[in-house]
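Colleague: I am new to this one. Could you walk me through how to read it?

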Amino acid sequence: MRTIIVFLMVSLFSPVPAMASNSHEHTINYPTRAWHLDQSGTVNVLYDITPQGKAENIRIIKSTNRDLFDDAVKADIHKWRFEKGKPEKDIAVTIHFQK
């Protein structure tokens, strides 16, 4: 499966979230179907970090191709881990899928 590294474009009003030192790398897998169909796109997401360091309340704000990218983005962000004890709300991320 193809993997892209996510460049976090965090809202100017929110500090950059602290990643846990032993965290899962913050990546998003390029969906296989989108890759084979030679599709590119952009997904704008908001998510929260719990006091336990987990990403939750993942919301797609805007997407150029919902059927191909949204589920993969949500599933992969759900796996991300951050430093415990530093909850945050409404962290904005823009993910670009480009072949």
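Modeller: Start with one side chain. At 43% relative accessibility, lysine 79 counts as partly exposed. The scale runs from buried (under 20% relative accessible area) through partly exposed to exposed (over 50%), with a 1.4 Å probe and protein chains only. Aspartate 76 counts as buried, at 6% relative accessibility.

Colleague: What should I know about the model itself?

Modeller: This is a predicted model: local features need pLDDT of at least 70, side-chain atom pairs count only at pLDDT 80 or more, and totals for chains, interfaces and linings use all residues. Residues are numbered from 1 along each chain as its sequence is written, and side-chain values use heavy atoms, leaving out hydrogens and water.

Colleague: In which element do aspartate 76 and lysine 79 lie?

Modeller: Both are in helix α2, three residues apart, about one turn of the helix. Helices (H or I, at least four residues) and strands (E, at least two) are DSSP runs, numbered from the N terminus. The side chains of aspartate 76 and lysine 79 meet in a salt bridge, at 3.5 Å from N to O.

Colleague: How do I read a salt bridge?

Modeller: Side chains of opposite charge can pair when their charged atoms come close. The rule here is a side-chain nitrogen of Lys or Arg within 4 Å of a carboxyl oxygen of Asp or Glu. By this rule the count comes to seven salt bridges.

Colleague: Which residue forms a salt bridge with arginine 66?

Modeller: Aspartate 70 does, with the closest N and O atoms 3.2 Å apart. Arginine 66 and aspartate 70 are four residues apart in helix α2, so about one helical turn separates them. Arginine 66 is partly exposed, with a relative accessible area of 46%. Aspartate 70 is buried, at 7%.

Colleague: Which strands hold arginine 59 and aspartate 90?

Modeller: First, the pair itself: arginine 59 forms a salt bridge with aspartate 90, the closest N and O atoms being 2.3 Å apart. Arginine 59 lies in strand β4 and aspartate 90 in strand β5, so this pair ties together parts that are 31 residues apart in sequence. Aspartate 90 is partly exposed, with a relative accessible area of 42%.

Colleague: Now the sheet. In what order do the strands run?

Modeller: Strands pair if DSSP finds at least two bridges between them. Here three strands form an open sheet in the order β4-β3-β5, with antiparallel pairing. β4 (55–63) and β5 (88–97) stand at the edges, each with a single partner strand, so one side of each has no neighbour in the sheet. From one strand to the next, the twist averages 25°.

Colleague: How many bridges link β3 and β4?

Modeller: Six, with β3 covering residues 41–49. Valine 43 stands opposite serine 63 in β4.

Colleague: Where does helix α2 lie?

Modeller: Helix α2 (residues 66–79) lies across β3, β4 and β5, at about 155° to β4. Axes are lines fitted to C-alpha atoms, for helices over the stretch in contact, and angles run from 0 to 180 degrees between N-to-C directions.

Colleague: Is threonine 50 buried or exposed?

Modeller: Threonine 50 is buried, at 9% relative accessibility. The loop between β3 and β4 holds this residue. Not counting residues up to four places away in sequence, threonine 50 touches Glu56 and Pro87. Contact means heavy atoms within 4.5 Å.

Colleague: And glutamine 98, buried or exposed?

Modeller: Exposed, with a relative accessible area of 59%. Glutamine 98 lies in the segment after β5. Leaving aside neighbours within four places in sequence, glutamine 98 is in contact with Tyr30 and Ser40.
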